[in-house]
Amino acid sequence: MRDEENGFVEELFHADHPSLVTHHLRIMTTEEIEQLLAQQPIALLHRLARGRVQRHFRAGKRRLIEVLLRHSAENRAGFESDLLTLIGEQQARPAPPPPQAPAARKPKPSAPPRRTAHRPVEPESHEPGVTLSSWLDGLGVPPPQTFVPDAWQEDAIAKLRESDVVVSVPTGSGKTYVAVEAARRAIAENRTVIYTSPLKALSNTKYTEFSKIFGADQVGILTGDRRDNGQAPLLIMTTEILRNLLYDAGGGEIDVRLDTLGLVILDESQYIADPERGVVWEETIIFCPSQAKLLLLSASIGNPHDIAEWLTTIRPTPCHLIRHSTRTVPLRAGYLHPNGKLTPFFRTVGIPHGHPSHLHPEAKRLFAQYEDETLPSGRRR
Amino acid sequence: MPPSIHPVDLIIALREKHLTPAIVFLTSRRACDEAMQAFDHSHILLPPPRQQAIATVLDKVIAQYPSIAEHPLIPTVQRIGVAAHHAGHLPSWKIAVEELMRHGCLDAVFATTTLAAGVDFPARTVIITQSSIRKSRDFMDLTIGEVQQIAGRAGRRGKDLVGFAIVTPSPYIDLNVLTKGFTGHPEAINSQFVISYPMVLNLLKAHPLDQIQPILAKSFAQFQLNQRAEVLERKLDDLRDQMEPFGPRVCTDWITEWQTFDQVRRQKSHRAPVRRHEPPELAARFHFLTPGRVVGFGRSRGVVLRQYRSKGQKSPMITALRLGGGITESPASTVTEVSDRVLDCVDTPIYPWCTPESVEELLRHLEELPGRLPELPILIPKDNETIPDAIVQTLGDFACPTCPSRSACQRDYPLASKLRQEQHRHVKSIQALRTSLWHRFQEKIDVLQQFGYLTPAARLTDNGEWARLIRIDHSLLITELLRADAFNGADPAMLAAVMSSIAHDDDRPGAFPRVSSGLGSLLGQVRKLAVSLSPHEDPPLLRADIAAVTERWIGDPSLTWIGLCKSTTMAEGDIYRLLARTLEFLSQLRTLKGTHPGLADSASRAIAALRRGVLEELP
């Protein structure tokens, strides 16, 4: 499949180079194409059928032509140009040249104007992709504006008053804002807040960050062997530490002020699926005191409703789920070739959700070229 | 074509298109370090004001964490505005890089994908160079969630209008994984609930045994198991509907009835053709016509090479080597005389059924045999078979042959029995799904009872009371070590060293300081115990070389961090993590003040000795 596409894409991009285009593209009638096809060796027809027709290797020539014509009905122009490219590649072949208008056969100088006239046919017919400039368009710094929380952020904070909340939103959407605001409210009500993260490094970062926001005396951090400002209303720790505290409380030794605990924030709670440590999140959630509200912050996961439903079954109040998949800052995907050439990755400017095959033709071509050149000879993908 | 873009070219390309700052995710730490080295002699310097800005931020971080003042990457960071950020670095260095990124001072950070969650800073652009990631021991394709988490670092809120995730090929890339990752819906996550010994002890401390099952039922694991059970239950309901027309007939359980009847019927019909016309003496003889047996055929004589039954009639046959060298196939009935001689013969699975040498040997022996040979006495059983009668009688017990619903039963049986089998299977799986957690919990209880942490009534013993405070990996090994008094008289350095070898789970090779003989023999004992516990708990790696690093750090208070790093090829960040994890383990031992005062004291002293220099910088 790659072969003839490559061939074609290459032809597209070399179109400015007249010598490479042996036959000018023009719209042929079905009869003409049929005639042309009939003149070609069957091997060429099979190459043409690759990727278009399933099980084409079973068909005889007549049947193959018939099927090819049927399958190319919507995209006649693309089919035609593929056919012509393939014929062009077979320069040495003895078959008679296809019937063409004499003017169209003239090789070079008069070609450019006519080609531009035919130009619109090509890109439309075969995978139009955005240009690099339109892909890069919009790059830049937004004008400074006062921060306005998103609706979902407001919603999460409001819902946290009466129930547990599960937030599953893409990375970088502003989960921290929810955590900070929720913590602020709980502290204002003289409640203790516990914030847990999966990694000690993240705990440290958050400790610094929250100390700046709330003031150093309002934030404490607990690790296995150290306790800084353990009486502060906002305590940061890893999830394991919180689990241990909850076990101690269950065993009768109350260590932290669990009775005043108002809010437990579990950041990166998609770690519940971690093969080694996931169980700690479950234990923490199961043993979390019922008077404290739970706020689970997680990156996009496939089944946040399961988590919310689970919390609803085991917690006193029904859990509220907040999820969305649109990013605050839109994302675009690009492809950078080792020779420094940058192209869009997909045919669309943004990411075509649900259409993994919508690759940009140029990116596809460059990657195929990369693979051909880097893979050991004789071995193909 | 180079296998991947050169880091310098990459930065030039990104700057040209205004795609900085960027996070470049690379496969390995080494790739990150090599990328940094590539800038050593490059001249793509930052304009002086930006260099100045970097210096200012760095100075601020260094004031807080002096350990990074001499960091070898600082010159490159300042000149070019690129940095490396991976698990091999000290946390304080990573904080410095994050701080620089937050101030927008850097153009690019080279990071590993291993800790995508740990890279908690956004950039305008993310460069993706691989589609697989090292998980524990081997490389796995990135999941959709992981691709989105990586790509999600692109685009800073308030600082960018759009974020860019740029793929650049390298030998470790499969475009399909990435396209699927970009465009797909993240995978559903599944519970990874495991029941550990400390969990059992702590639960039983707080709750009596009969309350445990409801607590386990609150887990996400059980929630998901229930979901699966519900799916099966729905299927079961469907099956019940499908079984409706096959309800009770003349007999209440006609399926079983028909099944048994059918089986018996089949058994009977199968017996008939075989060996029906075999006279009893032939059947009795046939057993003795084994390879090597000398037999007579009328006047001539031969040796049996093999016995078999003919394909169609199943009549008894033998292959014999005759006097004179001929090999013949003949019915067993042509044998007139069975002698008591058996000649040695090495048989083979193909013609002539024994090795050529033994053919010659047999022929020679055959010729040398005397003219008359004693015959083998063979007992011939009396011909009184009663088995068919028995079956006829059994068949008589069934009502089926004359039952009015016989034809319906015969028609419906295949489908009905298939449905019923499926029903049974579902019922069993549902039961397993509902109770598996509880069974796993009980298995752990059994082990803990066996080791004496729990009473037969599943209450905590004195040992259990303190053992429940050890809530780390390999807890059973550690508590058993304490019970065996393994650390009696061991100094803090030794204790910490053993703990770090238990805590460390990375098998990265390297060069390390020498292990002291005392530590070596102690580790030998630990290893022995770990192996004996292996049916109940996976043994840790217990690397002695790793233990030596910790031993040196605690044993020699004058040793500087640089000095420690020079004594091993381990990366700074790995040493830090090793010591930090050791601290965690030791602090659990420290909680055993009440029952093991000596050990707790030793652990406190080890903690105090460990916490110096770099390890004191962060909480």
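Residues are numbered from 1 along each chain as its sequence is written, while chains are lettered from A and ligands numbered from 1 in the order in which they are written. In this predicted model local features need pLDDT of at least 70, side-chain atom pairs count only at pLDDT 80 or more, and totals for chains, interfaces and linings use all residues; side-chain values use heavy atoms, with hydrogens and water left out.

Trainee: How many residues of chain A are in contact with chain B?

Mentor: Contact means heavy atoms within 4.5 Å. On the chain B side 82 residues take part, and their partners in chain A number 89.

Trainee: What area do chain B and chain A bury between them?

Mentor: Buried area is the accessible area (1.4 Å probe) that two parts lose on being put together, summed over both. Carbon and sulfur atoms carry 61% of the area here. The area for chain B and chain A is about 7300 Å².

Trainee: Which helix supplies the largest share of the side of chain B that touches chain A?

Mentor: Helices (H or I, at least four residues) and strands (E, at least two) are DSSP runs, numbered from the N terminus. Elements that each supply at least two residues to this side include helix H5 (91-102), strand E7 (163-167), helix H7 (175-183) and helix H22 (572-590) of chain B. The largest share is six residues, and it comes from H7(B).

Trainee: How many residues of the side of chain B that touches chain A are charged?

Mentor: Ala, Val, Leu, Ile, Met, Phe, Trp, Tyr, Cys and Pro count as nonpolar, Asp, Glu, Lys and Arg as charged, and the others, Gly among them, as polar. On this side 38 residues are nonpolar and 24 are polar. The charged residues number 20.

Trainee: Which residue forms a salt bridge with Arg157(B)?

Mentor: A salt bridge is a side-chain nitrogen of Lys or Arg within 4 Å of a carboxyl oxygen of Asp or Glu, and the rule finds two across the interface of chain B and chain A. One of them has its closest N and O atoms 3.3 Å apart. It runs from Arg157(B), in the loop between H6 and E7 of chain B, to the loop between helix H9 (132-136) and helix H10 (151-159) of chain A. The partner there is Asp150(A).

Trainee: Is Arg157(B) buried or partly exposed?

Mentor: Buried means under 20% relative accessible area, exposed over 50%, partly exposed in between (1.4 Å probe, protein chains only). Asp150(A), at 22%, is partly exposed. With 28% relative accessibility, Arg157(B) is also partly exposed.

Trainee: Which residue of chain B is in contact with Arg243(A)?

Mentor: Arg243(A) lies in helix H13 (residues 239-250) of chain A and is buried, at 9% relative accessibility. Leaving aside neighbours within four places in sequence, its contacts include Val280(A), Glu283(A) and Thr284(A). The contact in chain B is Arg471(B).

Trainee: How many residues apart in sequence are the parts tied together by Glu283(A) and Arg243(A)?

Mentor: The two side chains meet in a salt bridge (2.9 Å, N to O). Glu283(A) is buried, at 2% relative accessible area. Glu283(A) is in helix H14 (residues 278-287) and Arg243(A) in helix H13 of chain A, so the pair ties together parts whose separation in sequence is 40 residues.

Trainee: Why are Glu209(A) and Lys206(A) separated by about one helical turn?

Mentor: Their side chains meet in a salt bridge (3.5 Å, N to O). Glu209(A) is partly exposed at 29%, whereas Lys206(A) is buried at 5%. The separation is about one helical turn because both are in helix H12 (residues 200-214) of chain A, three residues apart.

Trainee: Which residue stands opposite Val82(B)?

Mentor: Strand E2 (residues 82-85) of chain B has both faces covered, with Val82(B) and Ala84(B) buried on one side and Ala83(B) and His85(B) on the other. Four bridges join E2(B) to the parallel strand E3 (residues 108-112) of chain B. In E3(B), the residue opposite Val82(B) is Ala108(B).

Key: Pairing = 2+ DSSP bridges.
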